[in-house]
Amino acid sequence: TQPSPAKAHQKSITVRQHADDLMQLANTMPKPPAIVAHSFGAAYVYDYLARGGPAAGACFLAPVPPSGNAAMVGRLLRRSPAKALLVTRALAFKGAARSPDLARAVFFDDSMPAEALERYVQRFADDSRVGLDLGDYQRNLPSVAARADGSAPWADSLPTCVIGGRA
């Protein structure tokens, strides 16, 4: 497959660029792919599917809904400002890519061996070289493909599994 369109100097990629990457990859496959997306990655898949990208099915694991994540963020801030700060440090500020302690606090528990934790932190660092363009992300939510109830029309005709949310 071709690498992502991110240039060496590029610090962030838009939702559309991620979706275009997925479209390019899917178009090289002999059959439509079954797609699995987690968290913010769901937005790329929503854009891809809304534009008619081929898919045999889609599974979303704790996805940001097509209507956006503002309500979820608000609930987290009201329930636990400390947890909201922890998650923000780990994800938005990429702290989990630099700090094993922060990565453990957000993603793992005490049973994770230190050497395995170090491997995951390195993977986080590798994966966070180019981040999500948060301004673009916010401008694209709620998804233009979302209905008033937050659901997506393409889910009506596509085998879809949503864990930690609803289609």
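I started at Tyr120, which comes out partly exposed because its relative accessibility is 32%, in the band between the 20% and 50% cut-offs. I keep in mind that this is a predicted model. Next I looked up where Tyr120 sits: it belongs to helix 6, while Phe108 is in the loop between helix 5 and helix 6. These two rings pair up, with 5.2 Å from centre to centre and 35° between the planes, and the pair is tilted. Twelve residues separate Phe108 and Tyr120, and I note the pair as a link between distant parts of the chain.

**The other rings here**

How many aromatic pairs does the count come to? I get seven. Phe107 is in helix 5 and Phe124 is in helix 6, so the pair ties together parts 17 residues apart in sequence.

Phe107 has a relative accessible area of 39%, which makes it partly exposed. Phe124 is at 22% and also counts as partly exposed. Putting the ring pairs together, I have a cluster made of Phe107, Phe108, Tyr120 and Phe124.

**Helix 5 against helix 6**

With rings bridging these helices, I wanted the helix geometry too. For two packed helices, the description is the angle between the axes plus the distance between them. At what angle do the axes of helix 5 and helix 6 cross? I have roughly 95°, with the axes coming within 10 Å, for helix 5 at residues 100–107 and helix 6 at residues 114–127. Helix 5 and helix 6 are therefore roughly perpendicular.

Then I listed who makes the contact. From helix 5 it is Pro100, Ala103, Arg104 and Phe107; from helix 6 it is Ala114, Leu117, Glu118, Val121 and Phe124. Sorted by class, this contact has seven nonpolar residues, two charged ones and no polar ones. Phe107 and Phe124 turn up both in this contact and in the ring cluster.

**Stepping back to the whole chain**

I paged out for the overall layout. The protein has seven helices and five strands, and along the sequence they run β-α-β-α-β-α-α-α-α-β-α-β. Of the 167 residues, 36% are buried. For contacts with a separation of 6 or more, I find that 54% join residues 24 or more positions apart.

**Helix 1**

Helix 1 covers residues 15–26, twelve residues in all. From first C-alpha to last it reaches 16 Å, close to the 16 Å expected at 1.5 Å a residue. Which residues of helix 1 are buried? My list reads Val15, Ala19, Asp21, Leu22, Met23 and Ala26. An α-helix has 3.6 residues a turn, so residues three or four places apart point the same way. Strand 1 (12–13), strand 2 (34–38), helix 2 (41–50) and helix 7 (134–139) are what the buried residues of helix 1 pack against.

**Two positive phi values**

I looked at the backbone next, given that most residues other than glycine have a negative phi. Ser39 is not a glycine, yet its phi is positive at about 55°. I place Ser39 in the loop between strand 2 and helix 2, partly exposed at 21% relative accessible area. Lys94 also has a positive phi without being a glycine, at about 60°. Lys94 sits in the loop between helix 4 (81–90) and helix 5 and is partly exposed, with 26% relative accessible area.

Is Gly68 buried or exposed? I have it as buried, because its relative accessible area of 12% is under the 20% cut-off. Gly68 is in the loop between strand 3 (57–61) and helix 3 (70–79).

My last stop was Arg147, in the loop between helix 7 and strand 5 (160–163). Arg147 is partly exposed, with 33% relative accessible area. Setting aside neighbours within four places in sequence, I find Arg147 in contact with Ala152, Pro153 and Asp156. I also noted that the C-alpha atoms of Arg147 and Pro66 are separated by 8.5 Å, while the two residues are 81 apart along the chain.

Note on methods. Residues are numbered from 1 along each chain as its sequence is written. This is a predicted model: local features need pLDDT of at least 70, side-chain atom pairs count only at pLDDT 80 or more; totals for chains, interfaces and linings use all residues. Side-chain values use heavy atoms; hydrogens and water are left out. Axes are lines fitted to C-alpha atoms, for helices over the stretch in contact, and angles run from 0 to 180 degrees between N-to-C directions. Helices (H or I, at least four residues) and strands (E, at least two) are DSSP runs, numbered from the N terminus. Angles under 35 degrees count as roughly parallel, over 145 as roughly antiparallel, 65 to 115 as roughly perpendicular and the rest as oblique. Contact means heavy atoms within 4.5 Å. Ala, Val, Leu, Ile, Met, Phe, Trp, Tyr, Cys and Pro count as nonpolar, Asp, Glu, Lys and Arg as charged, and the others, Gly among them, as polar. The expected span of a helix is 1.5 Å times one less than its number of residues. Buried means under 20% relative accessible area, exposed over 50%, partly exposed in between (1.4 Å probe, protein chains only). Rings of Phe, Tyr and Trp (its six-membered ring) pair if their centres lie within 6.5 Å; planes under 30 degrees apart count as stacked, over 60 as edge-to-face and the rest as tilted.
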